[in-house]
Amino acid sequence: MRKKGSYRPRGREEEPYKVNSKIRAREVRVVGENVKVDVYTIGEALRMAEEQNLDLVEISPKAEPPVCKIIDYSKFKYEQKKKQKEIKSKAQKTVLKEIRFGPNTDDHDFDFKLNHAKKFLKEGAKVKAFVHFVGRTIVFKDRGELLLLRFASELEDLGKVEQMPKLEGKRMTLFITPKQGK
């Protein structure tokens, strides 16, 4: 069941900017190419845009008076989408890789998992290392903590410890983040 007032027609999204006759301010500051930057009445601004066969687009509605730009609206929308896409692609995605140990992990297994962690940190991923205590192995908490501390000290040159070993239920967890500049 839909909430009252939540209807939006499918396939058509509302325009994010006010264009031409949709601008409600009496006076606007006009910017753009081939335009003297100044405050004009809305009628004058619309006439100026029409003379250049372009649109008057409100780009900063909260300013006093609102700022409008004389530009081709479809080109303006395209540029905005392009900027958003660029920002999104530059945003760093954090990857979390998990490495599981037992309290009685052998040296060979430890080295094998350590190499994996080194590879993950070089790729820029966070590493979550944990010791899982099954059944009565919970009595070896100190072994688990020593194992995680040894793991952290081995990875000191590639990453820094974000969270020291912490016991939660049957798991003791350690977080390591990659060092910047690598």
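Four strands of this predicted model line up as an open sheet in the order β2-β1-β4-β3, with mixed pairing. Strands β2 (38–41) and β3 stand at its edges with a single partner strand each, so one side of each has no neighbour in the sheet. From one strand to the next, the twist averages 45 degrees.

Residues are numbered from 1 along each chain as its sequence is written, and side-chain values use heavy atoms, leaving out hydrogens and water. Because this is a predicted model, local features need pLDDT of at least 70 and side-chain atom pairs count only at pLDDT 80 or more, while totals for chains, interfaces and linings use all residues. Helices (H or I, at least four residues) and strands (E, at least two) are DSSP runs, numbered from the N terminus. Two strands pair if DSSP finds at least two bridges between them.

Contact here means heavy atoms within 4.5 Å. Helix α2 (residues 73–90) lies across β3 and β4, running at about 35 degrees to β3.

Now look at β3 (residues 55–60) and β4 (residues 67–71), which pair in the antiparallel sense over 5 bridges. Together β3 and β4 form a hairpin with 6 residues between them. Aspartate 55 stands opposite isoleucine 71 of β4, and serine 60 has valine 67 as its bridge partner in β4.

Glutamate 58 is also found in strand β3. Is glutamate 58 buried or exposed? At 7% relative accessibility, glutamate 58 counts as buried; the cut-offs are under 20% relative accessible area for buried, over 50% for exposed, and partly exposed in between (1.4 Å probe, protein chains only). Leaving aside neighbours within four places in sequence, glutamate 58 is in contact with Tyr17, Lys18, Ile23, Pro66, Val67 and Cys68.

Lysine 22 has its place in the segment before β1 (27–32). With 57% relative accessibility, lysine 22 counts as exposed. Lysine 22 and cysteine 68 are 46 residues apart in sequence and 12 Å apart in space, C-alpha to C-alpha.

Strands β7 and β8 run antiparallel and are joined by 7 bridges, with valine 161 opposite isoleucine 176 in β8.

## The cores and the rings

In soluble globular proteins, nonpolar side chains tend to be buried together. A nonpolar core is a set of buried Ala, Val, Leu, Ile, Met, Phe, Trp, Tyr and Cys residues joined through side-chain atoms within 4.5 Å. The largest such core has 21 residues, and those with the most contacts inside it are Phe101 and Phe151. At least two residues of this core come from each of β5 (96–101), α3 (107–122), β6 (126–132), α4 (141–154) and β8 (171–178). Helix α3 gives the most, with 5 residues. A second, separate core of 13 residues includes Ala45, Leu56, Cys68 and Ile70.

Phenylalanine 101 is buried, with a relative accessible area of 1%, and phenylalanine 151 is buried too, at 0%. How do their rings meet, and at what distance are their centres? The centres are 5.2 Å apart and the planes are at 75 degrees, so the pair is edge-to-face. Rings of Phe, Tyr and Trp (its six-membered ring) pair if their centres lie within 6.5 Å; planes under 30 degrees apart count as stacked, over 60 as edge-to-face and the rest as tilted. Phenylalanine 101 in strand β5 and phenylalanine 151 in helix α4 are 50 residues apart, and their pair links distant parts of the chain. Phe101, Phe110 and Phe151 form one aromatic cluster.

Methods:
Axes are lines fitted to C-alpha atoms, for helices over the stretch in contact, and angles run from 0 to 180 degrees between N-to-C directions.
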